[in-house]
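Open the model in your viewer and keep the sequence panel beside it. This tour tells you what to select at each stop and what is there.

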Amino acid sequence: MKNILVLTGSPRELGNSALLANAFMEGAKENGHRVKVFETAFHPIAPCKACDKCWSGGKPCVFKDGFTDLAPLLEQAEILVFATPLYWFSMSAQIKSAIDKLYAYMKPEAKNKLKIEACVLLASAEGCEKDGDYDGLKATYKSIIDYLNLKDLGMILAGHIGQKGAILQSEYLKVAKDLGRSIKG
Ligand SMILES: Cc1cc2nc3c(=O)[nH]c(=O)nc-3n(C[C@H](O)[C@H](O)[C@H](O)COP(=O)(O)O)c2cc1C
């Protein structure tokens, strides 16, 4: 049994990437994992200000925003899942702001506070992987997991999914549920 934390990035309630996240979570729960979700779009996180005051107030960030609630969830997580719409060939700004604040955990005083060992990427886009639309997001994801020394447990890059709910007419939700089910632990 693993503690899985799913970070969603879309401001669309029950949008395509949120539905992918839900399907993944269903599969993972079936498999006995403990799953939590944090919707970055509904608990706004301000961009990192690079003030370098991390931990000076006892918390990772001195500013109070969505990250204040997210931090304890991050500290419990063993598997981190990013579920984002493709925005300008990358992740949404909402989820990126959460990732930027992982900066605090790179500080010497935060050594060993994170237990994350593996990662998953779920994304949806109007374009598709074959046409290169996902190259930027894939490169960012790969660089993040290499830097943090995390194992990649899988990527679902849903293509030709534009309108809200379009993913319901595709195979991707089944693929996401199967990926959730495949998580070992
Ligand atoms: C601000 C914005 C930027 C977008 N940028 C891209 C893009 O670069 N490439 C693409 O294929 N689709 C792009 N899209 C379309 C979304 O990725 C697509 O509709 C996705 O399925 C939305 O997921 P959601 O329903 O979870 O929000 C963009 C949409 C918005 C609103």
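How many residues surround the ligand, and which are the closest? There are 19 in the shell, and the closest are S10, G15, S17, P85 and G127. A residue belongs to the shell if its C-beta atom, placed from the backbone, lies within 6 Å of the molecule. By class, the shell holds eight nonpolar, seven polar and four charged residues. Here Ala, Val, Leu, Ile, Met, Phe, Trp, Tyr, Cys and Pro count as nonpolar, Asp, Glu, Lys and Arg as charged, and the others, Gly among them, as polar. Helix 1 gives the most to this shell, with three residues.

**Before you go on**

This is a predicted model: local features need pLDDT of at least 70, side-chain atom pairs count only at pLDDT 80 or more, and totals for chains, interfaces and linings use all residues. Residues are numbered from 1 along each chain as its sequence is written.

**Whole chain**

Switch to cartoon. You will find five helices and five strands. From the N terminus on, they run β-α-β-α-β-α-β-α-β-α. Helices (H or I, at least four residues) and strands (E, at least two) are DSSP runs, numbered from the N terminus.

Now show the C-alpha trace. Along its principal axes it spans about 50 × 35 × 30 Å. The radius of gyration is 16 Å, which agrees with the value near 16 Å for a compact globule of 185 residues. That radius is taken over C-alpha atoms, and the globule rule is 2.2 Å times the number of residues to the power 0.38.

Of the 185 residues, 41% count as buried. Buried means 20 or more other C-beta atoms within 10 Å of the residue's own, exposed means 12 or fewer, and partly exposed is in between; C-beta atoms are placed from the backbone. Among contacts between residues at least 6 apart in sequence, 79% join residues at least 24 apart. Two residues are in contact if their C-beta atoms, placed from the backbone, lie within 7 Å.

**The core**

Select L7, L20, F24, V81 and L122. Of the 55 residues in the largest nonpolar core, these touch the most other members. Helix 1 gives the most to this core, with eight residues. A nonpolar core is a set of buried Ala, Val, Leu, Ile, Met, Phe, Trp, Tyr and Cys residues joined through C-beta atoms within 7 Å.

Stay on L20. Leaving out residues up to four places away in sequence, L20 touches A83, L122, S124, I156, A158, I167, Y172, L173 and A176.

**Helix 5**

Which residues of helix 5 are buried? Select Y172, L173, A176, L179 and G180, within the helix at 172–182. They cover an arc of only 120° around the axis, which puts them on the same side of helix 5. The arc is that of the directions from the helix axis to the C-beta atoms. Turn to the face away from the buried side: K174 and S182 are exposed there. The cover over the buried residues includes helix 1 (16–30), strand 4 (118–124) and strand 5 (151–158).

Step on to I183, in the segment after helix 5. I183 is buried, with 21 other C-beta atoms within 10 Å. Beyond its neighbours within four places in sequence, I183 is in contact with K2, A28, N31, H33, I79 and L153.

**Helix 2**

Select G66, F67, L70 and L74, the buried residues of helix 2. Seen down the axis, they fall within an arc of 70°, so they line one face of helix 2. On the other side, D69 and P72 are exposed. Strand 1 (3–8), strand 2 and helix 3 (93–100) are included in what covers the buried residues of helix 2.

In helix 3, pick K96. Is K96 buried or exposed? K96 counts as buried, with 20 C-beta neighbours inside 10 Å. Draw a distance from K96 to G9: they are 87 residues apart in sequence and 8.1 Å apart in space, C-alpha to C-alpha.

**Two loop stops**

Go to W55, in the loop between strand 2 (34–39) and helix 2 (66–76). Phi of W55 is near 70°, a positive value in a residue other than glycine. W55 is partly exposed, with 16 other C-beta atoms within 10 Å.

Finish at N149, in the loop between helix 4 (135–147) and strand 5. Phi of N149 is near 60°, a positive value in a residue other than glycine. With 8 C-beta neighbours inside 10 Å, N149 counts as exposed.
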